[in-house]
Amino acid sequence: DIIVTGSTSFGAETVITYSGLRKGQEITVPRTSQSKIAEAVKKLWNSDLFSSINIYISSIEGNVANLEIHLQDLPELKDVKIEGVKKSKFDDIIKDNKLSPGVKVTENLIKTTENYLESTYQKKGFLKANVTITTSEVTDSIDKQRVNMKLNIDKGNKVKVKDIVFNGREKLKAKKLKKAMKNTKKKNPIRIFKRSKYIEADFNEDLVSIIDTYKENGYRDARIISDSLIYNPDNTVSLVINLEEGEKYTYGDIKFLGNTVYTDELLNRILRINKGDTYNGVELKKRIQDETKPDGDDIANLYQNSGYLFSSITPVETSADGNVIDMEIRIIEGKPAYFNKISVVGNDKTNDHVIYREIRTRPGQRYSKADVIRTIRELGQLGFFDAQQIEPNFKNVNANDGTLDMEYSVVERGSSQIELQGGYGGGGFIGTLGLSFNNFSIKDIFKKDAYKPIPMGDGQKLALRLQASRFYQTYSFSFSEPWFGGKKPVSFSTSLSHTKQFLYNPATRNADKDRRFNITGLSVGLAKRLSVPDDYFVLSQAISFQHYDLKNYNTGLFTFGNGSSNNLAYTIGLSRNNTNVDPIYPTGGSNFSVTAKLSLPYSVFNKVDYKALKEERADQLEIQNNTTLSNSTRNDAADRISEIDQERFKWLEFYKVKFNGEWYARVIGDMVLRPKVEFGFLGAYNNDRGVIPFERYFVGGDGMGTYSLDGREAISLRGYPNQSLSSQDGGTIYNKFSLELRYPITLKSQQAKIYALAFLEAGASYDNFRDYNPFALKRSAGFGIRLFMPAFGLLGIDFGHGFDPLPGQAVKHGWETHFIIGQQF
Amino acid sequence: CSEFQKAIKSEDIAVKFKMGTDLYESGKYRKALRLFDQIVPKYRGKPQAQKLMYMNAKAHYEVGDYYTSNYHMERFVNSYPESEKAEEMAFLAAKSYYHLPPVYSKEQKETVEAIEKIQSFINAYPNSEFLAEANKMVKELDFKLERKAYEIAKQYHTLGPHNRDYEAAIKAFDNFILDFPGATHKEKAMFYRLDSAYKLAVNSVESKKEERVRNAIEYYDSFKSRFAESEFLEEANKMNAELIELQRQYENKG
């Protein structure tokens, strides 16, 4: 028989079942650590419900033992009272310390809560924070033991640092030492970002920085003898640091020992330390192995990047005679290491092949730290994984065989976006539904199991977008595969779109559904990274087709209200982009691109006499504009012009060439200068057929893509209103020069990158080649700021001053403000 | 108001238990689970708990909620190791793991875990009636790991020209053949290893060519002796002929 005694609120049967003991079960006496009884005690103890557990054998009859389980319940928490802080903080305190009712109150809980709260307040600068917790038993509880808890929080006053005193300092300036103390700052009303406070752990870190500052300046023996904290009556503290500076040292002879792979000369070039230089232990350490930069230019990496995983480099001071230190840099090269197995873990969404093709460390290859680092960076850039959490794990490292396995651990992150929005704009309600999947798997699209919630893992992009208002509807679909065919990084992309636009009916103030303009477009493209001349070159090709269909819809674009027009074109582009490192704020490299967009030369083979049509059109235009003629004659002429234009634009015939080039160069520190040149030309194969009114250039303003029907290109030129520097129909030729100076305000922050800029720009567009004059430019200058946040993209504001008059005006344009969303100049 | 709704709202746990049992026995697992969810904590420590835990765990299994079913089943086995249902529960717990892993091309930690769980079931119940099925599951899961390793090695082969690296494929197939001695993909693995070695040899720089030709011929020999009837043999023979020709040139020179 088993009985349960003691003060417990649990039923006897529950306790017995939980303990795992059963009537009629065989038990061993005396108990050992393996016995059922010991196991039962352990099980009950692990439940965290009891403060004491005893199992007795109450009596033995023959080979039958009766057991007694004696239990004492832990008291449960009933109520928490907090004193000394604002009510609004109560919830946080209770949540952080898990002080919800029903929690078992142990000594440990009380102590950790006290410590946690005290250290939290100390970290905020309440140096004298004191937390005491008292518990009191609840007397009215019937079946359970319960206690109330009272938290007495005495925050004390916020303590600031009044003064930092260095004793024994002669050689270095106090200012320099204070600057080295990154965390602990003296009280100063001007400094807003870094508040003065004293936190012990941070202060200790600062003491190390002080010594490092000495070491950097040759004081190798500098040390801190003691430091003390003095409380002042006005709620501040003074910090006293007692120093011993020691002597200043310089370098003597530096010798390399044990290097067989690299020559002394090469190693010296990396070390960059000469005899007679001021001894700098910190710098020496960095040149040998820079812990702060995993891809730093140091001796350790020289070996690590060429397979010498097991190499070790130790600088040893061989003599320190008369403050001159002779050094020996002892190198143990070890065997070169080779990768054996490469594996990836954590990819519960992305398929292996998408990841492995990006990995630069392959089985059988010589170990290279640089390859590992590059792999991590490139896996991060895929956008499927959290870039901060990609880790290389070295496994089965075997120094004897010179082999190692590498396991990349990744953490998937959501890479799909859903956009659903509604708003007023363009004269009515506009609704948008956008879906974009950045790690799609099109091959799984018909597999039912793959929908969790969508087929994912092949690294493809799929986007769908629907937009509708009373006046127009747009549907678009696009898909791209970065490794088309799976053998090479040739990206394939395709898109389909359809836009329906209705004419505004002023009578009903509504859309007139009978008068509409439809545009249907389709494009297919391939882009390939080249290896010659170097692997920054990308060759891209695309075929696009657009069909314009008008029904009783007159716009400035067409002289005919009914009819259609087709734009079938082939685009080929060559670009080279080696800008680095941060795509938001490049500090080096350049970006060039040349593109050509061509249609077929229809007029060569379609046997239409465009010359005759051109002459007829000119005649008809004369009639149309002749106000002395009757209306019906003029209308007939207008109809004939429409007919002729319909013939001319049935298939758009054109070629278009563009060039873009920009350079990034550091000026001082992180300040970057960016010169940029742009040029574009739109031409016709048949001059009688004429240059099409589509695909034209519109210069001026912020250059952001407007709602464009006709393939127009908006070219930015700050300091002037949008598209103000081109004629009504747009230019067929343009050029632009720009010089921008950028200064980073903050780049390190994860939340936002901000930089300021100043610019000089000049550019112009021309209606035809005869007017082209590369020196008749519209000039401007100005300044602005850019803010990049991952959730919003790039935002910015620019103030530009136009020095030249707008077309048709006489005075200079003056200031113009531009708001920039999601585009870079 | 149906009887089920009444049972859901009822205060009497015995009513819920009865109704849940009926639903369970007639195969309406989802409805049964809704009742079980309400009463499982209340029956803890009571004599009916064993039956209830059994039904609850099994119902989770039947509706395909394998994450939960293996948890309840393992708990059942721990709580009632002497029960006559313990073996069945242990088996279904292992089988729940079998259902969890994703496709071979994604992370396989669940596969490895499932193999371990099923293996420990086999060790615990060596005479079980479920043994055959358990072995079959282990085989299937092993095959998944094999396929994963094979496809990764094969991709090194596919990307060989792009990466200008055939050694990665050779090394990866070497490891594959070593790790999966009885592999289904062994024939293909050995053939593509030969193919990689062949391409490495014929495209090699002169200084390493002789050695690489010799290695490739070795891979051919081991492929031919193991798979004399292979569908790839004709292609392999062609490679070999070319390699032998190259080797002869070196011998003549030497």
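**Confidence**

Keep in mind that this is a predicted model. It scores ipTM 0.89 and pTM 0.71. Chain B comes out with a mean pLDDT of 90, and 99% of its residues reach 70 or more. Within chain B, the element with the lowest mean pLDDT is helix α1 of chain B (residues 3-9), at 83. At the other end, helix α10 of chain B (residues 167-179) has the highest, at 95.

**Where the chains meet**

How many residues does each chain bring to the contact? Chain B gives 27 residues and chain A gives 30 residues. Put together, chain B and chain A bury about 2,300 Å², and 49% of that lies on carbon and sulfur atoms. On the chain B side, the residues that lose the most area to chain A are B:Lys106, B:Glu107 and B:Tyr156, which together account for 23% of what that side buries.

Now for the polar side of things. The count between the two chains is eleven residue pairs in polar contact, both residues at pLDDT 80 or more. There are also three salt bridges across the interface of chain B and chain A. One of them can be picked out by name: the side chains of B:Asp179 and A:Lys341 meet at 2.8 Å, N to O.

Which elements of chain B give two or more residues to the side that touches chain A? They are α8 (131-158), α9 (160-163) and α10 of chain B. Of the chain B side, α10(B) supplies the largest share, six residues. Sorted by class, the side of chain B that touches chain A has nine nonpolar, eight polar and ten charged residues.

**Strand pairings in chain A**

| Strand | Partner strand | Sense | Bridges |
|---|---|---|---|
| β23(A), residues 563-577 | β25(A), residues 586-598 | antiparallel | eight bridges |
| β25(A) | β26(A), residues 655-666 | antiparallel | ten bridges |
| β31(A), residues 753-766 | β32(A), residues 778-789 | antiparallel | eleven bridges |
| β32(A) | β33(A), residues 793-802 | antiparallel | ten bridges |
| β10(A), residues 250-257 | β12(A), residues 324-332 | parallel | six bridges |
| β11(A), residues 312-321 | β12(A) | antiparallel | nine bridges |

Start with β25(A). On the β23(A) side, A:Gly573 stands opposite A:Thr595 in β25(A). Towards β26(A), A:Leu598 has A:Tyr655 as its bridge partner. β25(A) also pairs with the strand β24 of chain A (residues 580-581), antiparallel and through two bridges. Here A:Asn580 is the bridge partner of A:Gly588 in β25(A).

Next comes β32(A), which pairs with both β31(A) and β33(A). On the β33(A) side, the bridge partner of A:Met789 is A:Gly793.

Finally there is β12(A). What sense does its pairing with β10(A) take, parallel or antiparallel? The two strands run parallel, and A:Thr250 is partnered with A:Val324 in β12(A). With β11(A), by contrast, β12(A) runs antiparallel, and A:Ala320 stands opposite A:Ile325. The hairpin of β11(A) and β12(A) has two residues between the strands, and there A:Gly322 takes a positive phi near 55°.

Note on methods. Residues numbered from 1 in each chain as written. Chains lettered and ligands numbered in written order. Heavy atoms only, no water. pLDDT = per-residue confidence, 0-100. Helix = DSSP H or I, 4+ residues; strand = E, 2+ residues; numbered from the N terminus. Contact = heavy atoms within 4.5 Å. Buried area = accessible area lost by both parts, 1.4 Å probe. Salt bridge = Lys/Arg side-chain N within 4 Å of Asp/Glu carboxyl O. Polar contact = N/O pair within 3.5 Å; in protein donor to acceptor, adjacent residues only side chain to side chain. Nonpolar A, V, L, I, M, F, W, Y, C, P; charged D, E, K, R; others polar. Pairing = 2+ DSSP bridges.
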